[in-house]
Amino acid sequence: MSEVSKTAPTPSPTEADLALFRRAVGRFATGICVVSTVWDGLDHAMTANAFTSVSLDPPLVLVCVEQEARFHDAIVSCGRWGVSVLDATARGTSAWLATQGRPLHGQLDRVPHTRGEVTGAALVDQAVAWLECSTHDLVTAGDHTIVVGRVLASRLGSDDHGALLYYRSAYRTLD
Ligand SMILES: Cc1cc2nc3c(=O)[nH]c(=O)nc-3n(C[C@H](O)[C@H](O)[C@H](O)COP(=O)(O)O)c2cc1C
């Protein structure tokens, strides 16, 4: 590698580069979850697909949260949170909890949920699995924060419904 290329600053991506990047990563099929926490006595919840398991020992997961999302301050401040891995019937819930500017007060009124025994976070009923976590690490990464969670409790839902997926910017289901 030449001296010039070692020291040259990384060029800023163009709009076209970013559009292509979004389309390319959108071809990585994912599940969808709702991450939730209680902060200042108020339920906060957000749809997320930038979620993955990280480690078995100790059990760790991560979710990437946009710093501009209202959920960001809530999860960073609270430190205890839940993950509901959505089932195939939860398309409406996913769309609702991804709607920017929706009222925070009462946002879960029409979303059936149960309180996590460990964290008190609202866990969405339309799910195939639930996790409860405490924050293990926070890593700033561009305009998102990678929130690494230590899993405190795991629970499985029924096998009646398949999973809700996201692929090429559209919902799909896996039965
Ligand atoms: C399928 C899907 C997946 C999403 N995944 C994420 C994600 O992983 N991280 C994130 O910060 N936002 C994600 N979003 C966007 C948030 O759900 C959206 O910005 C939401 O309105 C944030 O709510 P809040 O402002 O109340 O925090 C996703 C949206 C959709 C539709």
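**View 1. Ser84 sits in strand β6, which covers residues 80–86.** Strands here are DSSP runs of E with at least two residues, helices are runs of H or I with at least four residues, and both are numbered from the N terminus. This is a predicted model, where local features need pLDDT of at least 70 and side-chain atom pairs count only at pLDDT 80 or more, while totals for chains, interfaces and linings use all residues. Residues are numbered from 1 along each chain as its sequence is written, and side-chain values use heavy atoms, leaving out hydrogens and water.

**View 2. Is Ser84 buried or exposed?** Ser84 counts as buried because its relative accessibility is 0%. Buried means under 20% relative accessible area, exposed over 50%, and partly exposed in between, with a 1.4 Å probe and protein chains only.

**View 3. Meet the residues that Ser84 touches.** Leaving aside residues up to four places away in sequence, Ser84 is in contact (heavy atoms within 4.5 Å) with Ile32, Cys33, Val34, Leu123, Val124, Ala127, Ala129 and Trp130.

**View 4. Glu15 and Ser84 can be viewed together.** Their C-alpha atoms lie 34 Å apart in space, and 69 residues separate them in sequence.

**View 5. Finally, step back to the whole protein.** Its secondary structure consists of four helices and 12 strands. The C-alpha trace spans about 60 × 35 × 30 Å along its principal axes. Of the 175 residues, 34% are buried.
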